[in-house]
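Hi,

Here's the structure I promised to pass along. Have a look, and then read on for what turned up.

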Amino acid sequence: MAAEALARLAEERVDHRFKGLPPDAMGLTVGELAAERRNLFTDGFATPVLALSAERLAHNLRLMETYAERHGLAFAPHGKTSMAPQLFRRQVEHGAWGITLAVPHQVWVAREFGIRRVFLANELVDAAALRRLAAELAADPEFRFVCYVDSVRGVELMNAALKGAARPVDVVVELAAGEGARTGVRTEAECAAVADAVAAARALRLVGVAGYEGEVPRATPERVHAWLRRLVALAEDFDRAGRFADTDEIVVSAGGSAWFDAVADVFARIPELSLPVLKLLRSGAYVSHDDGHYRKLTPFNRVPAEGALEPAFRLWTQVVSRPSAEQAFVNAGKRDAAYDIDLPLAQVVRRDGVERPAAGIEVTALSDQHAWLRTAPEADLEVGDWVGLGLSHPCTSFDKWPLIPVAEADGTVVDYIRTFF
């Protein structure tokens with residue numbers, strides 16, 4: 001069923017929904033277009049067009065697979081980064097335990113494409129979504145689903161909506177990263193109260209504890225390690241109290257894309273508990289990495305001996321106006337490029353098939369459909385040149401492009417990634 005759903009993506013027709021594709025490809029299926037192995041630069045692709053590097057994508061998948069193995073971690077990368085079932089499949093093929101998601105729609109996408117294990121990093125209290133979840137669990141005995149709980153009220157709402165469900169929903173108590181952090185239970189005493197509520201809820205089963213260290217206020221390695229030790233201690237306390245008696249493994253989960261080295265360090269020291277421990281890492285931005293936010297924050301900067309992720313995105317744009325020696329405009333803006341954390345970075349210029357560094361070129365602002373470029377005296381830039389932009393923040397890059405070419409280093413497009421936001 002999963003293979004069939006993925007195969008159907010190749011049967012989709014290329015049409016007006018998909019940006020940047022060659023105009024003469026309209027009417028072909030995605031699979032037919034991929035089989036032509038067109039060149040991104042010479043075979044009709046229209047700017048702006050976002051491309052993923054085939055080689056860098058493969059490198060990042062391998063690197064995090066080996067990292068998780070080396071540190072004894074199960075891996076459920078956050079799928080909200082890409083919302084791309086083809087990438088979910090590749091992540092699972094590279095050893096992922098399952099996929100982390102954030103909201104019900106994302107779960108349904110993952111289920112449509114055969115994902116058997118889902119970790120929902122959120123409390124789910126919508127009654128309609130819970131009823132559908134119960135139906136999914138009843139229909140597929142191999143479907144494993146785990147989600148957060150962070151309040152007694154939430155537990156009560158979940159239990160009411162799931163009344164009569166064939167299988168209980170597995171939940172983990174979310175420990176907040178600190179006062180003023182995002183979601184989660186603020187104190188250990190409140191965590192115990194939520195766990196008591198779960199024990200009284202026939203439709204739920206407590207299987208562990210979890211949280212997100214990326215929300216630790218004024219994060220430093222010391223503060224993040226301290227919070228992670230609190231999370232592990234909470235699991236130990238719950239285990240001593242017999243709160244995991246109804247499960248066969250204890251889930252302890254954390255891990256965004258900025259502190260997974262701290263997670264690996266602290267989780268390596270989890271003591272022996274009464275049941276096997278599933279040490280679940282959830283970092284997601286690694287799949288494409290980036291040229292800004294995560295390039296600066298990646299834990300591999302602190303542990304370079306473990307490898308390095310490679311930015312896989314490049315947004316190709318074209319100079320459409322050169323009104324002065326100090327200014328130029330390219331034809332991609334907020335509709336095409338992530339801008340919520342950093343502006344895009346001008347990296348390379350292509351003219352007549354020759355690519356060179358974008359010396360003296362800086363993106364200073366974005367309009368809806370234009371990027372504003374400041375050009376220094378050394379900038380050699382003309383109307384018609386292609387400018388390749390590096391992007392910051394993968395999660396808001398993928399969501400602007402429903403079909404993304406995957407190109408090899410020479411520009412040969414070997415695949416197309418379909419996203420579902």
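Leaving aside neighbours within four places in sequence, which residues is Phe-145 in contact with? Keep in mind that this is a predicted model. The list for Phe-145 runs Val-107, Val-118, Leu-120, Leu-124, Leu-133, Leu-137, Val-169 and Asp-170.

Phe-145 also belongs to the largest nonpolar core, which has 113 residues; together with Val-169 and Phe-267, Phe-145 has the most contacts inside that core. Helix 9 (residues 221–240) supplies the largest share of it, eight residues. Apart from this core lies another one of 18 residues, including Phe-18 and Tyr-416.

On to the charged pairs: the whole structure has 33 salt bridges. In one of them, the side chains of Glu-136 and Arg-111 meet at 3.0 Å, N to O. Glu-136 sits in helix 6 (residues 127–139) and Arg-111 in helix 5 (residues 104–112), so this pair ties together parts 25 residues apart in sequence. Both Glu-136 and Arg-111 are buried.

Arg-230 and Glu-188 form another salt bridge, with their closest N and O atoms 2.8 Å apart. This one links helix 9 to helix 8 (residues 188–199), across 42 residues. Arg-230 is partly exposed, at 29% relative accessible area, and Glu-188 is partly exposed at 31%.

Then there's Lys-296, which pairs with Asp-342 at 3.8 Å between the closest N and O atoms. Lys-296 counts as exposed, at 57% relative accessibility. Finally, salt bridges with shared partners join Arg-111, Arg-116, Arg-132, Glu-136, Asp-140 and Glu-142 into one network.

Cheers

Terms used. Residues are numbered from 1 along each chain as its sequence is written. This is a predicted model: local features need pLDDT of at least 70, side-chain atom pairs count only at pLDDT 80 or more; totals for chains, interfaces and linings use all residues. Side-chain values use heavy atoms; hydrogens and water are left out. A nonpolar core is a set of buried Ala, Val, Leu, Ile, Met, Phe, Trp, Tyr and Cys residues joined through side-chain atoms within 4.5 Å. Buried means under 20% relative accessible area, exposed over 50%, partly exposed in between (1.4 Å probe, protein chains only). Helices (H or I, at least four residues) and strands (E, at least two) are DSSP runs, numbered from the N terminus. Contact means heavy atoms within 4.5 Å. A salt bridge is a side-chain nitrogen of Lys or Arg within 4 Å of a carboxyl oxygen of Asp or Glu.
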